[in-house]
Amino acid sequence: MQQTLFQFIRELYQTKDFIPLHAPRFAGQESAYVQHTLDSTFVSSVGAYVDRFEADMASYCKSSKAVAVMNGTAALQAALYAAGVVNHDLVVTQSFTFVATCNAIHWAGADPVFVDVSELSLGLCPKSLAEFLQQECELTDGACIHRQTHRRVRAVVPMHTFGHPVELDELLLLCQQWQLVLIEDAAESLGSLYKGRHTGTFGRFGTLSFNGNKIITTGGGGMVLCANHDDGVALKHLTTTAKVPHSYEFVHDDYGFNYRMPNLNAALGCGQLEQLDSFIADKREIAALYQDFFAGSEFRCVKEPPYARSNYWLNAVICPSTEVKTQLLETAAEQGIMLRPAWRPMHQLAMYQHCIRSNLAVTDYLSEYLVNLPSSVRSLSHDHS
Ligand SMILES: Cc1ncc(COP(=O)(O)O)c(C=O)c1O
């Protein structure tokens, strides 16, 4: 099985060279747009491409407003701050995520609470959240309070794992009932749809990452999608040093962040966004090919939930045993093909092992058995555009 898998991946990417897990692809107007910024000298935190990238992204996702920032972690931190998260608060999230989700919660002054993920989406499980809220929390004067610690639970941050949308209707209902702000960590799911609507547009805020390994990249970058226009205006002000607009005076009216995305990076983003639909089409084709390959085997391919249309950012497979997983990872490394095990879950990291948590059986299972497969968009010969 292993050898035929490696052969299959080599045929998929038509190369004998090293195959990374996820490489970016620049086949559109990226060079021209970046060159414009150099020619104009507007390479830094002000420039037309920043405004254009924000407007294009808001229009693509059908969001009220999009605010470009320097990376996905900064996007999360700014969204948490704007949602009113303060020192000593609790924020419910999943332990099965990249560490940035929790680090942003930490630097917003709060502590994460871990609930389990759903086997359907691999993202935050509404049933697990409901159990935590019903068994451990109470609503007091419109605030959700964790009974044992008397700490306020302020927000819920689900993450659309590998691009697969979480069960948003159920999560939204719980957030409404328990007075919690929903912030979607949509770093991995740009272009994924939940019941026909873009992920990142259901919560009060949704955050994106344009790191080099994401479906589109700006080198480094992020975005906050805002459900309310006024939130967007406030967040733009906050993430750009909270400077009061004036032709020469320097007055700042809040403790602002300098989380601005440089124009140089936004230019790259504009070029990438124009190709996003063709990237998604190719990724969905790659996912279907992996699913055919593994059909009837002892490996289980992760598939999009029935209510969703996933961008299939990273393909994943569940191995039949940890021995098979280790052997697969080792042989792949020897053969120059990059496979990756799931993240070590957050509740097992030193910084987060003291955090409040529910039963995390699915999280533990996935982190032991799951492996990600090479999922880059393929070269020009497979172009859809
Ligand atoms: C789930 C998740 N959240 C947040 C981030 C943070 O994004 P960035 O690396 O742009 O800070 C990433 C990716 O890097 C991610 O995968």
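**Briefing: helix packing and ligand shell**

Glu 30, Tyr 33, Val 34, His 36 and Thr 37 of helix H2 meet Asn 263, Leu 264, Ala 267, Leu 268, Cys 270, Gly 271 and Gln 272 of helix H9, where contact requires C-beta atoms, placed from the backbone, to lie within 7 Å. The model is predicted: local features need pLDDT of at least 70 and side-chain atom pairs count only at pLDDT 80 or more, while totals for chains, interfaces and linings use all residues. Residues are numbered from 1 along each chain as its sequence is written.

**Helices H2 and H9**

- By class, this contact of H2 with H9 has six nonpolar, five polar and one charged residues (Ala, Val, Leu, Ile, Met, Phe, Trp, Tyr, Cys and Pro count as nonpolar, Asp, Glu, Lys and Arg as charged, and the others, Gly among them, as polar).
- H2 covers residues 30-40 and H9 covers residues 263-273; their axes come within 8 Å and cross at roughly 155° (axes are lines fitted to C-alpha atoms, for helices over the stretch in contact, and angles run from 0 to 180 degrees between N-to-C directions).
- H2 is therefore roughly antiparallel to H9 (angles under 35 degrees count as roughly parallel, over 145 as roughly antiparallel, 65 to 115 as roughly perpendicular and the rest as oblique).
- The crossing of H2 and H9 is right-handed (the near helix is turned clockwise from the far one by less than a right angle; anticlockwise is left-handed).

**Helices H6 and H7**

- Helix H6 (residues 126-136) packs with helix H7 (residues 168-177) at an angle of about 15°, and their axes are 9 Å apart.
- This angle makes H6 roughly parallel to H7.
- H6 and H7 have a left-handed crossing.
- On the H6 side the contact is made by Pro 126, Leu 129, Ala 130 and Leu 133, and on the H7 side by Glu 170, Leu 171 and Leu 174.
- Six residues of the contact of H6 with H7 are nonpolar, none is polar and one is charged.

**Ligand shell**

- The ligand is surrounded by 14 residues, of which Asn 71, Gly 72, Thr 73, Ala 187 and Ser 209 are the closest (near means a C-beta atom, placed from the backbone, within 6 Å).
- At least two residues of the shell come from each of helix H4 (72-82) and helix H5 (99-107).
- The shell around the ligand has four nonpolar, eight polar and two charged residues.

**Whole chain**

- The chain has twelve helices and 16 strands (DSSP runs numbered from the N terminus: H or I of at least four residues for helices, E of at least two for strands).
- Its C-alpha atoms fill a box of roughly 65 × 60 × 35 Å along the principal axes.

Technical notes: Two residues are in contact if their C-beta atoms, placed from the backbone, lie within 7 Å.
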